Structure formats: C-alpha cells, structure tokens
Amino acid sequence: MVANKKKKYKRRNSSTGKIKYNAGGRKYSAGRITILGMMVAVAMIFSYIESFIPINLAIPGIKLGLANIVTMIVLVEMGFKDAVIVSLIRVCLASLLFGNISVMIYSLAGAAFSIIIMKLIETTKIFGVTGISICGGVAHNMGQLILAAVIMENQTIMGYAPVLLISGTVAGIIIGLIASIISRSVMLPK
C-alpha cells in the first residue's frame with residue numbers, strides 16, 4: 001500500500017474553522033492573503049501615481065520607486081517570502097499596465113537583486129529600515145545595469161553606475177524614511 005503524499009493546498013482547521021492555504025511549505029490564512037492583496041493594490045496605486053512624475057536626469061528610466069515603500073513595509077513587518085510575493089506580483093502587473101515586456105524584464109532583475117540584498121542586510125541587524133532601503137535602491141539600479149550590460153553585450157554601459165549609485169541612494173533614503181514612519185504605525189501579522 002502506497003502512502004498518500006499528495007499536498008493539500010486548502011485545509012480547514014477543525015478547532016477554529018479558519019481556512020489555511022499551503023504555498024511552498026508556508027501556510028497562508030485567508031486574512032493574510034487578503035492583507036497581501038491589499039499591499040499589492042497599494043503598491044499599484046503608488047506605481048500609477050509615479051507614472052505621472054517625470055524625472056529627467058542623465059539616464060532615462062530613473063524613478064523614485066514609490067511602490068517600494070510597500071515592499072519595505074512588507075519585508076520588515078511580514079517577512080521575506082511575503083515581500084517577494086508582493087514585489088513579484090506588483091512588478092508584473094505594473095509592467096503590463098504601465099510599461100511593456102522589456103520594462104518587466106529589467107524591473108524583475110532589479111527587484112530580485114534588490115530584495116535579496118535587502119534580506120541579507122536585514123539579517124545582519126546592523127541597519128534600520130532606511131539603511132536597508134538605501135542598499136535596496138542601489139542594488140535595484142545595479143541589477144538593472146548588469147542585466148543591460150549582459151543583454152547589450154556592451155560593458156561601457158557600466159559608465160552609468162555613478163549616476164545610478166547616487167540616484168539609488170537618494171531614492172533609498174526617501175523610501176526608507178517614509179517606510180520607517182509608516183511601519184511604526186502599522187501592525188501587520190508576522
């Protein structure tokens with residue numbers, strides 16, 4: 001007789017009556033999924049607002065990254081896996097609605113590199129929310145720049161690094177300060 005090892009993706013807790021969803025070994029309650037959905041919605045609103053803010057610097061595509069306020073709050077308050085989920089959904093939806101596939105590829109590269117670096121920095125417990133955000137802003141820009149150098153097979157594009165380091169630092173400070181203020185007044189489940 002073979003044991004049934006089929007994963008259950010939806011399970012009702014008999015004692016509380018709450019439904020839990022299993023995703024990659026982590027159980028998500030309907031309430032947690034709702035909160036993550038609301039966070040994605042808020043991030044999308046920030047992305048939409050940001051699409052109207054022109055920042056004309058030496059390099060096209062430099063943005064403040066207002067939607068990263070949400071990613072920072074989710075990372076600090078709810079954890080790495082939830083931040084990855086929110087960031088991934090937000091980048092894909094925002095790129096489809098306000099950009100194109102090319103924007104999505106670069107945004108995914110920047111978001112992936114950024115969130116990994118922010119998690120590594122967060123685990124050291126050396127930096128606060130603003131420090132983590134600065135590292136994330138710089139990492140986001142560097143992730144996109146490295147991808148551009150690989151796709152274009154042209155290393156001279158790395159000449160944009162100083163401007164992107166500065167813009168990532170400035171954006172990281174602004175986003176970090178805002179996220180820090182908001183995270184002190186918002187209680188989200190861990």
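Trainee: Which residues of helix 3 are buried?
Mentor: The buried residues of helix 3 are D82, A83, V86, S87, R90, V91, A94 and S95, where buried means under 20% relative accessible area, exposed over 50% and partly exposed in between, with a 1.4 Å probe and protein chains only. Helices here are DSSP runs of H or I with at least four residues, numbered from the N terminus. Please keep in mind that this is a predicted model, in which local features need pLDDT of at least 70 and side-chain atom pairs count only at pLDDT 80 or more, while totals for chains, interfaces and linings use all residues. Residues are numbered from 1 along each chain as its sequence is written, and side-chain values use heavy atoms, with hydrogens and water left out.

Trainee: What span should helix 3 have, and how far apart are its end C-alpha atoms?
Mentor: Its 19 residues should span 27 Å at 1.5 Å a residue, and the end C-alpha atoms are 26 Å apart, which agrees; the expected span is 1.5 Å times one less than the number of residues.

Trainee: Okay, new topic: how many residues has the largest nonpolar core?
Mentor: The largest nonpolar core has 27 residues, and M39, M72, V74 and V86 are those with the most contacts inside it. Such a core is a set of buried Ala, Val, Leu, Ile, Met, Phe, Trp, Tyr and Cys residues joined through side-chain atoms within 4.5 Å.

Trainee: Which helix gives the largest share of this core?
Mentor: Helix 2 does, with seven residues.

Trainee: And what does M72 touch?
Mentor: Leaving out residues up to four places away in sequence, M72 touches M118, V129, I132, S133, I175 and A179, a contact being heavy atoms within 4.5 Å.

Trainee: What covers the buried residues of helix 6?
Mentor: The cover includes helix 2 and helix 5, and the buried residues of helix 6 include L164, I175 and A179.

Trainee: Where does M187 lie, then?
Mentor: M187 lies in the segment after helix 6, and it counts as exposed because its relative accessibility is 82%. M187 and M78 are 109 residues apart in sequence, yet 9.5 Å apart in space from C-alpha to C-alpha.

Trainee: Last one: is I53 buried, partly exposed or exposed?
Mentor: I53, which lies in the loop between helix 1 and helix 2, is partly exposed, with a relative accessible area of 42%.

Key:
Helix = DSSP H or I, 4+ residues; strand = E, 2+ residues; numbered from the N terminus.
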